[in-house]
Amino acid sequence: MKILLIGHGRMGQMIERTALAAGDSIGGVIDVGNLTDLETIGRVADIAIDFSAPAALPAVAHYVRTTGTPLLSGVTGLSEAELKLFDDMGRFAPVIHSANYSLGVAVFRRALEEVAGVLKPDFDIEIVETHHNQKADAPSGTAKLLLDAVDPDHAYKPVYGRYGRPGPRDQKEIGIHALRGGTEAGTHTVSFFGPDEVFEITHRASSRQIFVNGALRAARQLARMPKGRYELQDLLFGGKK
């Protein structure tokens, strides 16, 4: 597989090293300093892998539309309007965006979809995520992904911390809490607090390598798919045909 790397920070460099070790090749590297090269390079790879920044999305979207290159994006901090661009890009190429490419988190999300409907009527739900002290966004994209798995219809109100909120907890809310410190790669816990019992699911990342491995696995599958916008669940569990 030949890869066009967009974003050459820590994640981009890890993807490059891991891909080369697996026998893949790099068709080009785009970073902040040469972002305008996307306007002229044409299709140079089987897939573009983007771990850059939200500011690069318009240029990346234009590139996908004009070249038809499949796109795997792991950019976090995107707005709802920016995420809708992936629907449009899907008319030109197979594309996927996920805040987390860990296979364990994919299974975590799948499990939440199964249990949330059973527990939500009688259980209070809290999401806690922990990351290193250099992380830019809060809550994490993964926490938002897990929130969507628990409450796909957005029937509950997300509450980001409770400082200054008097009175008892509202049953129709989901608490979301972000902790930042040290070099923590990422820990996410979803807790269901019921009458006289607590059910929790936790995922811990030991390093960013798990995200790299999952992204490359998804990229190999995505490059063979027809045009359209895909979810990681589609590729791992056969959701979308």
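Predicted model: local features only at pLDDT ≥ 70, side-chain atom pairs only at ≥ 80, totals over all residues.
Local features require pLDDT of at least 70 and side-chain atom pairs pLDDT 80 or more, whereas totals for chains, interfaces and linings use all residues. Residues are numbered from 1 along each chain as its sequence is written, and side-chain values use heavy atoms, without hydrogens and water.

**View 1. Pairing of strand 3 with strand 4.** Strand 3 (residues 47-50) runs parallel to strand 4 (residues 71-73), and 3 bridges join them. A48 of this region lies opposite L71 in strand 4.

**View 2. Surroundings of F51 in the largest nonpolar core.** Such a core is a set of buried (under 20% relative accessible area, 1.4 Å probe, protein chains only) Ala, Val, Leu, Ile, Met, Phe, Trp, Tyr and Cys residues joined through side-chain atoms within 4.5 Å. Of its 25 residues, I49, F51, L72 and Y101 touch the most other members. Contacts of F51 (heavy atoms within 4.5 Å), leaving aside residues up to four places away in sequence, include I6, M11, L72, Y101 and A215.

**View 3. The buried residue S98.** S98 lies in the loop between strand 5 (94-97) and helix 5 (103-119) and has a relative accessible area of 6%. Its side chain reaches the backbone oxygen of N100 at 2.8 Å. Beyond four places in sequence, S98 touches S73, G74, L145 and L232.

Note on methods
Pairing = 2+ DSSP bridges. Helix = DSSP H or I, 4+ residues; strand = E, 2+ residues; numbered from the N terminus. Buried < 20%, exposed > 50% of the residue type's maximum accessible area, 1.4 Å probe, protein only. Polar contact = N/O pair within 3.5 Å; in protein donor to acceptor, adjacent residues only side chain to side chain.
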